[in-house]
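Q: Please take me through one part of this structure in close detail, and then show me what else is worth looking at around it.

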Amino acid sequence: RVAASLSKQHLPSARFSGDRAAPGTPHFDVVVIGGGHAGTEAAAAAARCGSRTLLLTHRVDTIGQMSCNPSFGGIGKGHLMREVDALDGLCARICDQSGVHYKVLNRRKGPAVWGLRAQIDRKLYKQNMQKEILNTPLLAVREGAVEDLLLAKPEPQRPGSFRVRGVVLVDGSAVYAESVVLTTGTFLRGMVVIGLETHPAGRLGDQPSVGLAQTLEKLGFVVGRLKTGTPPRITKESVNFSILNKQTPDDPSVPFSFINETVWIKPEDQLPCYLTHTDPRVDEIVLENLHLNSHIKETTRGPRYCPSIESKVLRFPNRRHQVWLEPEGLDSDLIYPQGLSMTLPAELQEKVITCIRGLEKAKVVQPGYGVQYDYLDPRQISPSLETQLVQRLFFAGQINGTTGYEEAAAQGVIAGINASLRVRRKPPFVVSRTEGYIGVLVDDLTTLGASEPYRMFTSRAEFRLSLRPDNADSRLTLRGYEEAGCVSQQRFERASQMKASLEEGISVLKSIQLSSSKWKNLIPEASISIDRGVPLSALDILKYEEVHMELLAAVAPAPLQKYAECRELAERLKIEATYESALLHQQQEIKEVQRDEALELPEDLDYLRLKDVSLSCEVREKLHLSRPRTIGAASRIPGVTPAAVTNLLRFVKTAQ
Ligand code: FAD
């Protein structure tokens, strides 16, 4: 099939929208397959980097579709969105224009783990995303199903090494490309399941991608199978909200994007969410009907942290499970019951729903369903998300075994940047674990693989205190501008200005000594153990929970007023002060990790045959499978012992 596609001829393009390419010459720098959360970010990032890019997807009107929950962000996920935004990505900005309920989670904990989250108007998000994509310079959009890859013949000196040359659509037409990014989500050999019925589909109502899955398998990619699911949707007017717990949004709303000071909608115009719980009758229906539920019987792994109600009943019997009733949009009549993902036959789903408090008369308009799909073992990609088997072919999103819009968006932006850098023969843009949650995500995937759908959490990051949502711009925007060219001049200047103001502010705060008569009224006696008669620096005073910049500026107005006046700067200075001492300690650990990351392992190392290094067969197998790029990555592979790492290190040093 792959070889045959090499001889296929160019045929005229089908439907173009916003196309800047000359008609009849379908040749792009970067082609992105899939218009979901990974694909939109990848395509926009490649175009921002200056590459002529084509986004090829089944339907323009499903670009930016939220397949499941009508919400973005959360703990760990909000961090990813801030980092995508720091690289000038789209999802954070679009969420600031499309949310209907903004709330920061984890407020009781430190700001390093606050989770920015919002309920999103599904329709508005899609509209705003499509507007953005269709108006991005250098980005063309075309509808079509990609069936196959075009490959260049391997070079005689490297017989097994393929290079992608483009894609072939279902109608046989070809599009040539220097780099290709594959972001097909749950579509590779997707099967939708309700009860005992299954049918091929990428998600309900969408055709699966079968040809592409076969091509990837034939090329030698290791393919696995995962599953996920979504709850039924119910009508708003059929829910009795009056007896349920109401959750109101934050006032003021915290925007996702660094470039926004506020979101598009006032807190008083936002929609509430409601909380209810399952009861024992739900357990009964689930348990009595397991034989009618083929998805739950499947041994394929589903999302551990977003399980179906059936999995929860089986794993945690006799418990009440939370169900959040979330609005689907401002003018939508639908409610999304979060926590009730299920694949029972449709009539039994209605029975389950009506057992739940507040939902006794609920009307189901779309049943929940499951989807089973192929994913590609992400240990086959490098940290730039380029595949090791086929040069210039990149994978991003659910295809790599992740779950969630934010995880997909984060990979999309990295794949898009690197697909473009590859065309320009520039070094890859890699974010390390010490620099961002994006780095944690990519490193976890490429070194550990994904045996179940991978979701981001703050606990996955070792350097949480440094990788905060508030400072993602300081960590990534400057690099994105200088090394990748994916950040606009305006954003670069804004981030540089903020970084300079923060550095200046911290040094001013350190330099101001306040006598105890000035500071002792700011800090309650109970919260300080030191001598209340000594002078303290303004930075040390700001570390106390009760103190913020406005209070400090009231006692030392001349030097501090200007920092207190800008809300964002004042908040960020407060956070910097809070973590200052802890960060000094963490910097040392970060340096140690960076030292190991700098020790690169040769790309073509044959671990199975490597002589002169004492490694067990098991370790050799693991290294062979994961092909770690650095000593640091090798040390994180489970089963690769410290002794094996030391031996590898010795080998690398003697080989240098
Ligand atoms: P998608 O958003 O799925 O986008 C894939 C895109 O590729 C689509 O635009 C499609 O049209 C296009 N495409 C596919 N094949 C081709 C082809 N051959 N040619 C051209 N275009 C193609 N996440 C959670 O966090 N929690 C959940 O509970 C949850 N439940 C889910 C339930 C269901 C039923 C589904 C389908 C997904 C669920 N997800 C859930 C996952 C979440 O939707 C995805 O992780 C996220 O959308 C992945 O983004 P993506 O860009 O990788 O893929």
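A: Let's begin with helices α3 and α11, which count as roughly parallel to each other because their angle is under 35 degrees (over 145 would be roughly antiparallel, 65 to 115 roughly perpendicular, and the rest oblique). The model is a predicted one, in which local features need pLDDT of at least 70 and side-chain atom pairs count only at pLDDT 80 or more, while totals for chains, interfaces and linings use all residues. Numbering starts from 1 along each chain as its sequence is written.

Helix α3 covers residues 77-86 and helix α11 residues 405-423; their axes come within 9 Å and cross at roughly 30°. Axes here are lines fitted to C-alpha atoms, for helices over the stretch in contact, with angles from 0 to 180 degrees between N-to-C directions. The crossing of α3 and α11 is left-handed, that is, the near helix is turned anticlockwise from the far one by less than a right angle. From α3, the contact (C-beta atoms, placed from the backbone, within 7 Å) uses Lys77, Leu80, Met81, Glu83 and Val84. Facing them from α11 are Glu406, Glu407, Ala409, Ala410 and Val413. By class, six residues in the contact of α3 with α11 are nonpolar, four are charged and none is polar.

Now to a sheet elsewhere in the chain. Strands β4, β6 and β5 form an open, antiparallel sheet in the order β4-β6-β5, where pairing requires at least two DSSP bridges. β4 (71-73) and β5 (99-105) are the edge strands with a single partner each, so one side of each has no neighbour in the sheet. From one strand to the next, the twist averages 20°. β5 and β6 (residues 115-120) pair over six bridges in the antiparallel sense, and valine 104 sits opposite leucine 116 in β6.

There is also a six-stranded open sheet, again antiparallel, ordered β15-β16-β17-β18-β14-β19. Its edges are β15 (245-247) and β19 (364-366), each with a single partner strand, so one side of each lacks a neighbour in the sheet.

Stepping back, the chain has 22 helices and 24 strands, taken as DSSP runs (H or I of at least four residues, E of at least two) and numbered from the N terminus. Its C-alpha atoms fill a box of roughly 85 × 70 × 55 Å along the principal axes.

Conventions: Contact = placed C-beta atoms within 7 Å. Nonpolar A, V, L, I, M, F, W, Y, C, P; charged D, E, K, R; others polar.
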